[in-house]
Amino acid sequence: MLDLLIKNARYAVTSNVKDEILEGVSIGITDGKISYIGSDSPEAKEIYDGTDKLISPGLINSHTHLGMSLLRGWAEGVNLQGFLERVWAAEGAIMDEATCELGTELGALEALLSGTTTTMDMYLNPVATHRGAVRVGLRHIAGPIFFDFPGLDGLQWHQRIERAHQWPAELAKIGGPYIPTYFMPHSTYTDSPENLSEVAAIAKELGARIHLHVSETEAENVDVQSRYSKSPTEVCRDTGILDVPTIFGHGVHLSDSDMVIAASKGASVGHCPGSNLKLGSGLARFNDMRKAGISVGLGTDSCSSSNDLDMFSVMRMAAHVVALRQSPADVDLAAIVRAATIEAAKAVGLGDRVGSIEIGKEADLIALDLHAAHLTPVHDVNALLVFAAGRGDVTDVWVAGDQVVAKRASTKIDLTDLIKRVNLRVKALEALK
Ligand SMILES: [Zn+2]
């Protein structure tokens with residue numbers, strides 16, 4: 001018997017290889033996995049009424065910093081450099097372990113309520129952030145971070161290396177939905193080539209993957225080029241980073257030859273159009289990267305540079321960026337949806353587990369209520385998802401078959417209590433205003 005049958009959904013966007021969109025379909029879940037897709041009604045312990053619902057794979061945010069949700073609206077009217085100066089000052093003032101955990105709980109809740117079931121989260125104190133996110137029910141990819149300098153968490157380099165070795169055991173202790181093991185050096189402008197080589201070697205030894213910022217701005221490219229006579233991607237190649245599966249955050253200013261290198265090494269990109277537009281960082285070449293053979297996922301970046309974790313608005317902005325750079329005819333809506341689902345899953349190393357509605361995949365699913373004026377009529381389901389639907393349409397969310405959002409509310413934590421704790425903690429920032 002099935003554990004759950006999502007019965008008679010109006011649409012199911014599968015993100016399978018044929019990009020099938022099924023109508024009047026039921027989806028069964030057993031032991032956290034999708035075990036049935038069809039028009040019958042096999043017996044189930046629990047029935048979810050799919051009438052007027054669109055079921056989609058949970059969205060995957062392939063580059064973010066959830067803890068920075070506490071700094072929403074903190075750094076306005078600045079470019080990346082000005083942004084980092086303002087944010088690092090605030091982080092220095094409040095981001096101890098407990099605060100990182102609190103900010104990540106807030107971000108995880110926002111993500112899940114918005115239909116995002118997986119995030120690639122680079123942030124300080126990953127043990128604390130992971131604990132917070134898992135409590136809320138998110139599939140939360142975290143990992144130890146690396147800077148040359150002690151930084152806000154005050155760790156010396158040798159301590160960062162020790163934490164990296166301890167990370168797999170920490171993950172096992174916390175539990176939660178499966179995630180791959182990641183190490184997260186911040187970038188080629190904050191980590192020296194020697195240090196990047198060391199991280200690459202440990203990642204290779206422990207079978208971990210790597211996530212770092214690459215070519216987010218032109219200024220970054222100029223800086224790295226002037227130091228090493230190489231592009232950030234070339235630094236990644238020459239330090240061995242690209243010898244393990246790697247996902248670049250941003251990749252706005254990858255050259256043609258960077259794309260060839262990234263594709264040949266199997267590196268992927270987390271494209272964050274909202275952050276790139278807000279900070280004036282540039283318009284990433286979404287179609288060119290895909291054409292080069294790179295898996296491109298979508299991401300929000302942090303709540304200080306995009307101000308929310310809304311992957312529906314990110315899909316929309318990704319489409320707008322293609323229309324602006326190229327033309328509306330170059331906007332492939334199915335590809336945009338895939339970049340928020342299966343391509344993002346591949347980009348973060350979860351392509352065999354989540355990102356599509358197929359038998360055997362883990363049941364990371366979301367339901368949208370189509371009984372709404374702004375979602376009527378439906379001529380093109382992908383156009384509906386990219387250009388008309390929003391996070392407010394998400395009513396129910398499952399992660400590995402566990403219903404973590406029901407009727408637009410968390411089943412795991414109390415929103416009112418969380419809001420109270422957040423507002424209390426950010427009072428400490430008043431003095432910096
Ligand atoms: Zn970032």
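Predicted model: local features only at pLDDT ≥ 70, side-chain atom pairs only at ≥ 80, totals over all residues.
A residue counts as buried here when its relative accessible area is under 20%. What do they pack against?

Next come the aromatic rings. Four aromatic pairs turn up in the structure. In one of them, Phe146 and Trp157 have ring centres 5.7 Å apart and planes at 50 degrees, so this pair is tilted. Phe146 belongs to strand 9 (residues 145–146) and Trp157 to helix 4 (residues 157–174), so the pair ties together parts that are 11 residues apart in sequence. Both partners are tucked away: Phe146 is buried, at a relative accessible area of 1%, and Trp157 is buried too, at 15%. Another pair is made by Phe147 and Phe149, and this one is stacked, with 5.1 Å from centre to centre and 25 degrees between the planes.

Arg86 lies over the face of Trp74, 4.6 Å from the ring centre. Arg353 does likewise with Tyr178, lying over the face of that ring at 3.6 Å from its centre.

Then there are the salt bridges, of which a search of the whole structure finds 31. One of them brings the side chains of Arg285 and Asp256 together, with 2.4 Å from N to O. Where do the two partners sit in the chain? Arg285 is in the loop between helix 9 (273–278) and helix 10 (286–291), while Asp256 is in helix 8 (residues 256–264), so the pair ties together parts that are 29 residues apart in sequence. Is each partner buried or exposed? Arg285 is buried, at 18% relative accessibility, and Asp256 is exposed, with a relative accessible area of 52%.

Arg391 takes part in salt bridges with two aspartates. In the salt bridge between Asp308 and Arg391, the closest N and O atoms are 3.2 Å apart. This pair links distant parts of the chain, with Asp308 in the loop between strand 14 (296–298) and helix 11 (311–325) and Arg391 in the loop between helix 14 (381–388) and strand 16 (394–399), 83 residues apart. Arg391 itself is partly exposed, with a relative accessible area of 27%. The salt bridge from Arg391 to Asp310 has its closest N and O atoms 3.5 Å apart. Asp310 lies in the loop between strand 14 and helix 11, and Arg391 in the loop between helix 14 and strand 16, so that pair ties together parts that are 81 residues apart in sequence. Asp310 is buried, at a relative accessible area of 10%. Elsewhere, salt bridges with shared partners join Glu101, Glu105, Arg131, Arg135, Asp417 and Arg421 into one network.

Thr376 and Pro377 are joined by a cis peptide bond, with omega at about -5 degrees. Pro377 sits in the loop between strand 15 (365–369) and helix 14. Which residue has a positive phi of about 55 degrees although it is not a glycine? That is Asn125, found in the loop between strand 7 (116–121) and helix 3 (126–136). Asn125 is buried, with a relative accessible area of 13%. Ser215 is not a glycine either, and has a positive phi of about 50 degrees. Ser215 is placed in the loop between strand 11 (209–214) and helix 6 (218–228), and is buried, at a relative accessible area of 0%.

Definitions and conventions: Residues numbered from 1 in each chain as written. Heavy atoms only, no water. Phe/Tyr/Trp six-rings, centres within 6.5 Å; stacked < 30°, edge-to-face > 60°. Helix = DSSP H or I, 4+ residues; strand = E, 2+ residues; numbered from the N terminus. Buried < 20%, exposed > 50% of the residue type's maximum accessible area, 1.4 Å probe, protein only. Lys NZ or Arg CZ within 6 Å of the ring centre and 35° of its normal. Salt bridge = Lys/Arg side-chain N within 4 Å of Asp/Glu carboxyl O.
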